Amino acid sequence: MVKKGKKDNATPTKETFDPLSVEGKTPATVVLLLSSPEEDILIKACEAIYAFADRGDENKVSLMGLGALEPLCQLISHCNKLIRRHAFMTLGIMSTHAEVKNALMKLNVIPSIIDKLSPQEETVIHEFGTLCLASLSVDLISKALILDNNGLPPVIQLLSSPDPDVVKNSLEIIFNQIQDYPSRVVIHELGAIPLLLAQLKSEFPVIQQLVLKILQNITMDKDTRTTFREEHGFEILIEVLKNPDLHDLHAGSLQVIANCLNDCECFQLIHKGGGLAQLMEFILSPPLPEIQANAVTCIARVAQSSENRNMLHEQNVEKVLVELLSVNDDGVKAAASQAVVEMSANLASKEILRELDGISALVQLLCSDAVTVKREASRALSALTYNNQLNVTAVYEAGGHEQLIQLLKEECPVTVACSAATLSNMAVQDDIRYSILFQNALPALVEPLKSTDTKVQISTAVCVRALACDTASRTEFKNAGGLTPLVNLLDSKYKEVQKTACLAVEACASDEHSAVEMCVLGALEKLQNINQLEKQRTILSEKAMTALLNFNLPVKYSLMGILSPTDHITDGFYDAGKVVAGQRVLSLEEYYGQPVNQHRAIIVINTANQVAEETVVCTEEKQPHLSGKDISVKSETPRKKKEENKPKAKDLDHTVSQSPIEKHFMMLNDSELQALVQEAKETVLELHDEKEQYSALARMVSQAMGGEVDMEKMHTFEWTLHISKLKFQLQSNVVPIGMISKGTYYHRALLFKCLADCMGLSCSLVRGEYNRAWNEVLVLSGQAQRYIVDLMHNPGSLLKVNTPAAEHYQSI
């Protein structure tokens, strides 16, 4: 019988290891251990990684490169409390690095973190979970994920946490979230206001500052302001302001108060509760100038509302502001000036500020070395002098205009714009305007016109218009080089800049030489481009163009098709026909230089006798081979007539720079026109009845251009062949009007206008369709009546305007 042996107790039933002490000497090894199924190893690995990451940013990036993030994101949801704790600690500390944060955003870890912010979790997880969310919530996409995953409710609840780190992290998350409006609304709806106000009592300044930053943001919403007021937030902040030990919170508190006071309803309730009086008391006796400046800035924001301004006026805020203009702190002076700007919208405040010598105090601030002080003082003076001539006088008497002109050289655009605006306000008074001009204000405006700042451009152009009121000032501005930058403003893409530039151009165009130079600089072309576009065309652009065209009658007639009785035709005028939109009107010199073509002839006016002062190749004016190109000049004419100095033949884009006299030299003598002028003066002017004068002149014009033509036989009147022969004889497209012996409607109307202007008779010239043109005259004898003059079919007949006969003549 085989005996059974004794059982060996040393042999295990399963293949297992006794507990081992695992040591990892490299980060890569420890990161591998994060995938272990054994909890003890995971705990030790997380502890080691946390310690390694906490040593510096390089280690955090290294761990990310080794793949530590993915297992850590899984471990924060582990059932073991210790593993969750250490995983959160490691993930939180690593998330503070920008590269790690960017990598985490791709792992969709936000829902898992939010899930662990419940009250059941321990404080450490709350601390590092909120730290991780604070880092991630800077990103726009992460903000949306936090909001979509209901992350804000647990974060807001954590504001009640006894742990200051949890509170700080939660506040950072809230601050990041409320940069987007949807989160801002949710914060209010979730009842965060009381919790935020409670944290103002925290012993940690960083928490208090974060609370104020959040309140500054969310109190911009009206509903939030209402809740803030109902939770006695204003009273809490006033207590903060009264506590000198909390001076570091005063600036932020004042900004929150400003948001609340900017709301009329809130302001009234606070005012009724004595809050405004408390604030004014604080302004007069603040612990620090910086805080005083912030408090005054708060008042400035409050004064942006008309209702609030009235209540501030009742509190005599103007007296306080004037006192603050003289304190020994630039920040307070600037803030007080800013408040004056807002209060100036109240007419009564404008008067009181002047009576309290606030204007002289502001003028003194214009000499300050501080840029902000000069800026705000110039803004205040601009506001105070707007539509207030008494304040204008006060600025002038304080010598403010001299300082304002000096400020036009400043680099600050606001200072320059406001200084120019104030000078514009002051220029309304003639004596003050002359004093401003005496200080070389117009040359000082040239550089600001070149600014790229639209407000500077607008204010400066308006100032130019206000100051350029006479020939001397416009000449000074032109000689200083101001017309070039002014004309360039017409190209601005900003409509308001264009409009003010048009105003200034119109003002400068009242002077002949300035108008001519602006035309040379391309002003007419720019204005035509503006007026062709429906969205850009304004009454101002049309008026500016008309002002320039008044000194360029040939271009005016081609573009607009009408010359008024005040538009007097003089030597050098030419009719180039109607131009289509965008078409360039050539100069007379350019027309002379063209070879003969089949186009319409250019009809030119020249009543001058040039023989005495000019040497011509041939004195026989009608000799066939002569053209304008064949005339040479030996010496400059001494003629001084103003009419002959006007450059009537400037082309639309004004690239031609020759003078009117030079163009005059290129014209042939027109002895026939000279004879007609002389005859008209000797015969027509002898008649005493206006109607007889116009009728006699009409018959003279008709006789000179082929006589009466029956309506039914117009097709037999060969005026086109006659004009073609003249062009061929002259070898030029330019034909003197006196040489035309067969003329149709537009030839006769032009000659009638020319002769009438030479005699001082009132007459307009209107271009119609299909070679039509006519003259309109106003007869004042008896009952004033306007007539169309018949020059073709019944010469000398005066047809009443707007009658069938007149309309028939205009549209045959």
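Student: Which charged end sits over the ring of Tyr746?
Tutor: That of Arg600, 3.7 Å from the ring centre. A charge counts as sitting over a ring if NZ of Lys or CZ of Arg is within 6 Å of the ring centre and within 35 degrees of the ring normal. This is a predicted model, where local features need pLDDT of at least 70, side-chain atom pairs count only at pLDDT 80 or more, and totals for chains, interfaces and linings use all residues. Residues are numbered from 1 along each chain as its sequence is written, and side-chain values use heavy atoms, with hydrogens and water left out.

Student: And what sits over the ring of Tyr434?
Tutor: The charged end of Arg433, 5.3 Å from the centre of that ring.

Student: New topic. How many aromatic pairs are there in the whole structure?
Tutor: Five. Rings of Phe, Tyr and Trp (its six-membered ring) pair if their centres lie within 6.5 Å; planes under 30 degrees apart are stacked, over 60 edge-to-face, and the rest tilted. One of the pairs is Tyr50 with Phe128, edge-to-face at 6.2 Å centre to centre and 85° between the planes.

Student: Where do Tyr50 and Phe128 lie?
Tutor: Tyr50 is in helix α2 (residues 39-53) and Phe128 in helix α8 (residues 123-136), so the pair ties together parts 78 residues apart in sequence. Helices are DSSP runs of H or I, at least four residues, and strands runs of E, at least two, numbered from the N terminus.

Student: Buried or exposed, those two?
Tutor: Tyr50 and Phe128 are both buried, meaning under 20% relative accessible area; exposed is over 50%, and partly exposed is in between (1.4 Å probe, protein chains only).
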